[in-house]
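This report is an introduction for a reader who is meeting the structure for the first time. Please keep the sequence and the model side by side while reading.

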Amino acid sequence: MPLNREEAWLRLDEPWDLLIIGGGITGAGLLEEATRQGFRAVLLEQRDFAWGTSSRSGKMVHGGLRYLRQGQFRTTWHSVREREHLLRAFPGLIQPLGFLMPLYRDDPIGRPAMAVGLWIYDGFAGRRGHCYLRPDPLLALAPHLRREGLRGGYAYRDALTDDARLVLRLILNAVRRGAVALNYARVEDFLQTRSGAIEGVVVRDQLSGRETEVRARAIVNATGAWADQLRGKLGRPPRLRLLRGSHLVLPGWRLPLAQGIILLHPRDHRPLYVLPWEGMTLAGTTDVDHDQDLAAEPVIRPEEFEYLLIALQRAFPYLDLSAADVTATFSGVRAVIGTGQEQPSREPRDHAVWEERILTVTGGKLTTFRVMARDALRALRRRLPTPSRPPVERMQPETGEAAQAVAERFDPALGLRLLSRYDPEALPAFLQAPPEEQEPIPRTDLRWAELRWIAAHEAVVHLDDLLLRRTRLGFQWPNGALPFLERYGARLRRMLSWDEDRWARETERYRRIWEGAYRPPM
């Protein structure tokens, strides 16, 4: 069944094999894998699903080519192998994307080093996916690149996704198998036996204030950047280093790209990426220590904004890009295992699994969520020796009657979009939607029927849930989609079944969030 907060709350007192705290990609991936293996699992998230890092990533499903330079071969191997698996398992939601790596005379990385790295990269994938391009063919693919000093470059392949929709899709897969997932449910305390073992948690509904107890045979801390806070409740010392990665968003027409481009920053030669996404162009990312309050939306600092803008102006000098061209920013907080490296970008991106009365799984990357989930479940074998239900087959693309009907009714691109992003239960609703709801929302590929389904069935609590995570309207429309709310507010309010007072409160709340955390610095 689709997500329903009230139904989920009423099921919390059931006996569970596994309780997962954290509703980002790590927790969602663990929930999906646990239910696939036959375990009864419940997930609790203190904010919205994917509210933290998992809606603010660089959107890439990639091997991490730069990690090879740092000797992180294990991380790259896992990432490349997982990229290949995810492309097969989630067609449409995870899409292949070509990348270009231009090489200039003044770059510290030469052609031989790049060639070796890409041969290793492709070797991990089991097939060749790169080639060398001389300047003219390279510029034919990216005509706005700086020509001065260009020696040529490499073309290779990685993949792209909507990270927040991927989290939702994993959760919905698990819910279809009997799992429970509840957003805006904060863990307040642990339940302990007389011997000190943890047997459950006290959870508080952030909306109503009601509390209840949830018990499970095993508990996993999958809270990402918040993992040390939860571990602190059990008296464990901090082990994580929190790093902020910030991004710029530009209209696709202002910086048009047909593929991603990897750049070296002129100041410190750190690799950055610029890529096309959902009709926009993303540029990122920074890698700085995060000292802001985790309870608040992470915010780009002016020096990060300038750092990224300088790189764009240097790479695309003929476009005359300025701060005025940036329509939005977003920042995410990565949790990495602190090793004392002076430069944040040198910290390893491996994940860790720690047994500390509860199990903590943290670190890692978006791409390796399935590896993290399997490692966590292996660590829990003593507590979960046998599943409650028979395992199910690994997830395959939907091929049922509704999927066939969607493929016949819509054009292939739209059919693939619907099949990849939503629970199969939604497909009949799209097929039966009136013609006016099958029209795209201006500036997007999103249909009004999609918006109606999301509003009714995907546990939308606040307006930012809808505009920044369930959809990307807050980035696709100018000024955070505030003009969209003015133009279509009445229609959207009816979909959400909100009265005028709630609509007014939510629009003002959303305006504050947008202006405080996503609007470019003035």
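## A covered helix

Is helix α14 (residues 448-457) mostly covered or mostly uncovered? The model is a predicted one, and in this model helix α14 is mostly covered, since 7 of its 10 residues are counted as buried. The buried residues of α14 are W448, A449, E450 and L451, followed in the list by W453, I454 and A455. A residue is called buried here when its relative accessible area is under 20%.

The cover over these buried residues of α14 includes several other helices, namely α7 (163-176), α12 (412-421), α13 (427-432), α15, α16 (473-476) and α17 (482-496). Following α14 in the chain is A459, a residue whose phi is positive, near 55°.

Helix α15 (residues 463-470) has a contact with helix α18 (residues 500-518), and the two axes come within 8 Å of each other while crossing at roughly 45°. On the α15 side the contact is made by L463, D464, L467 and L468, and on the α18 side by W503, E506, T507, R509, Y510, I513 and Y518. Sorted by class, the residues of this contact of α15 with α18 divide into 7 nonpolar, 1 polar and 3 charged.

Helix α15 also has a contact with α17, where the axes come within 12 Å and cross at roughly 110°. Angles of 65 to 115 degrees count as roughly perpendicular, and α15 and α17 are therefore described as roughly perpendicular to each other. The residues that make this contact are L463, L466 and L467 of α15, together with L485, L492 and L496 of α17. In the contact of α15 with α17 there are 6 nonpolar residues, with no polar and no charged residues.

## Enclosed spaces

Rolling a probe the size of a water molecule over the atoms shows where empty space is left. For this model the count comes to 8 cavities of 30 Å³ or more. The second largest cavity holds about 90 Å³ of space.

Which residues lie nearest the centre of the second largest cavity? They are R417, R421, L446, T471 and R472, out of a lining that is made up of 14 residues. By class, the lining of this second largest cavity has 8 charged residues, alongside 3 nonpolar and 3 polar ones.

## Backbone details in the loops

Some backbone details belong to loops between strands. A cis peptide bond, with omega of about 0°, joins G284 and T285, and T285 has its place in the loop between β14 (280-284) and β15 (288-289). H269, although it is not a glycine, has a positive phi of about 65°, and its place is in the loop between β12 (260-264) and β13 (271-277). With a relative accessible area of 34%, H269 is partly exposed.

Another detail belongs to a loop between helices. S497 is not a glycine, yet its phi is positive at about 60°, and S497 is placed in the loop between α17 and α18. Is S497 buried or exposed? S497 has a relative accessible area of 65% and is therefore exposed, the cut-off for that term being over 50%.

Notes: Residues numbered from 1 in each chain as written. Predicted model: local features only at pLDDT ≥ 70, side-chain atom pairs only at ≥ 80, totals over all residues. Heavy atoms only, no water. 1 Å grid on protein atoms, 1.4 Å probe; cavity = no way out; pocket = protein on both sides within 12 Å on 5 of 7 lines; lining within 4 Å. Points joined across faces, edges and corners; volume = space filled by probe spheres on them. Nonpolar A, V, L, I, M, F, W, Y, C, P; charged D, E, K, R; others polar. Axes fitted to C-alpha atoms, helices over the stretch in contact; angles between N-to-C directions. Helix = DSSP H or I, 4+ residues; strand = E, 2+ residues; numbered from the N terminus. Contact = heavy atoms within 4.5 Å. Buried < 20%, exposed > 50% of the residue type's maximum accessible area, 1.4 Å probe, protein only. Parallel < 35°, antiparallel > 145°, perpendicular 65-115°, else oblique.
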